[in-house]
Amino acid sequence: MRIQGLLAVWFLAPALGIMTIFYLIPLGVYLLNGFHLFQSGKIVPIWTLRTFGSFFQDPFSYRVIGTSLSLSTVVTLLDVALGYPIAYALHTRVKSPGIRALIGLLLFSPLLVSVVVRTYGWFILLANQGLINALLKNAGIISQPLPLLFNTWGVIISLAHILLPFSIFPIYSIMTRMDPTLKEAARDLGANWWKAFTQITLPLTMPGVITAILICFTLALSAFVTPQLLGGGRIQVLPLTVYNNTVEINWPTGAVAGFTLLLLSITAIWIINAILRRLPSI
Amino acid sequence: MRGKRRMSYVLTVLMLGLFVLPVFSAPPKVKLTMFIWAGANQGVVPREVVRQYLRTHPNVEIEFWESNNTITYPKMVAAKQANPNNPLIHFGFFNIDASNRGDVDDMWLPLDEKKIPNMRFVHPSLRRPGNHGIGYGISAMGLMYNKNLVQEPPNSWSALWDPKWRGKVTFFDNNFIPLVLAARLNGGSEKNIDPGFKVWSENAKNIRALVTSNDQLKNLLVSGEALIAPWFTSIWKFWELEGAPLGFINPKEGVVAFPIYLQIVKGSTPEQIRIAEEIINELLAPENNARYARLTFGIPSVKGAQIAESVRQILNPKLLDTAIWLDWATMAQRASEWRQRWEREVKSRM
């Protein structure tokens, strides 16, 4: 049934109301600070574009933007590379619904734990005196601990783990909607597994892959706790710039950084949606 | 006729209920929010004093806001921007950093000594300009280290940027005390911070990690990821009592004095201000001030408040004679500019 007209407005009204009151208005009020100035520890409430100007003329801002984008890209690629085979195996190899549900729960479990707890868990694993270094040292593989914590790699590993379910489930979901006879027909017509996979399965599951990319990329781009806790101050990304400036009451710069973050996320969503529209639907 | 009489009787009773009874019912409660620090016995004395006050003032309701100044202060500024006459916090505890930032933001009300008579017993060095707050105690910052892994603990602040301690130092991300100390010990000051940035940018690799919470700091030191950190005697003592293998050194250049203050926030109503004044006066009673200092391992601000032996053992008041007193007013004004430089010149070289 298609809901149209006034009825559709009524159906959408609660969600739109909540979004407007609790998201759009506070966000707008905060972003308006970007048009003010910060001088001598105080916000100067004059209308100006000088904060935008100084932010975008500063090479350091581009470095932070670059770190944010590259970190999100690596995490996203890693998650899709890991998530696709897991989703594929879950769909094609695990026959028992009970075991499938159990594996699904296991894969979903990182999302049931607070991000702070998960991040501290990674701290225990990745530290110089942590489990991974201790195992490698005891096995005689390394003599000095590997630098896994308080650098880019620690943040990438942890973020990729946290966001992995967001990659697996959209891909798995699209696989379950695939018509199994298509693959069978390909095999009947003489295609081997690889050919059937590359010409049937992969193209038809691309919408799931693109959705996974969209979710992982935007979440990684706005990740705050993990870069802060596991970066140890070395990883400077846009959400941390927003936070640090907010704490320092330098809301104008925080707002400009927030505006930039929002713009990057919207651009990513727009590009990915454009790709999605060109893909075949199942 | 009888029906009409009954109706008028019912209406009279209703009118009485609507307009007369509320006059005799209890007046609405005056509500206030008091800021206290979380953990380390910080809330014990404020809660006791407030509980006692509420017993004799049943029309008052006080809610405690338990957090730290770093997180809460920006929220107070946001609330002030939204409505200056409806502050998020009405009164409470603020460290010297937040107190000075509050001066810049016009956050505090001047305290009236006539209404808070116990203010006159507070040590002169802990009075604030214009009575914008009143001192409640002093904590001190020195060098904390891992006792198991550091055989010869450092005795100078310069250890923080000494190449001998490469990758072994940790401290709070928003803490500019190490920066100012580096400036002061290398010919600079709060007003001439460049020497501090030079020292730290050349020795940024000393920093193992910058932390954002006490738990993180403790974890890093106890696990041996980092070996030394500048932090407070009071917090170190709590961790030591918990069994953490941490030692503490008062650097030869002097500990950094870190006063704490009681403040009333602008925008509070006259009734809220009166209640806050009464509670602050009670907190400043020598017995309350002494008990707070004993429980939190600090030095009391009120003359006549006894310093506990347990506190003397770790923080002798004589240490304050040689303590480093930082220019927090300048630091509050420059914090944002320094943060931007810190990210570019130090964090990017860690």
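Chain B is divided into domain 1 (30-138 + 259-318) and domain 2 (139-257 + 327-349), with bounds that come from an automatic or database domain assignment. The structure is a predicted model, in which local features need pLDDT of at least 70 and side-chain atom pairs count only at pLDDT 80 or more, while totals for chains, interfaces and linings use all residues. Residues are numbered from 1 along each chain as its sequence is written, and chains are lettered from A in the order in which they are written.

The C-alpha centres of the two domains of chain B lie 27 Å apart, and their contact takes 17 residues from domain 1 and 14 residues from domain 2, where two residues are in contact if their C-beta atoms, placed from the backbone, lie within 7 Å. On the side of domain 1 that touches domain 2, α4, β4 (134-146) and β9 (256-264) of chain B each supply at least two residues, and α4(B) gives the most, with 6 residues; helices (H or I, at least four residues) and strands (E, at least two) are DSSP runs, numbered from the N terminus.

Between the chains, 25 residues of chain B are in contact with 20 residues of chain A. The elements of chain B that each supply at least two residues of this side are α3 (69-82), α4 (96-104), β6 (207-211) and α12 (328-346), and the largest share, 7 residues, comes from α12(B).

Chain A itself contains 12 helices and 2 strands, and its C-alpha atoms fill a box of roughly 75 × 70 × 30 Å, taken along the principal axes.
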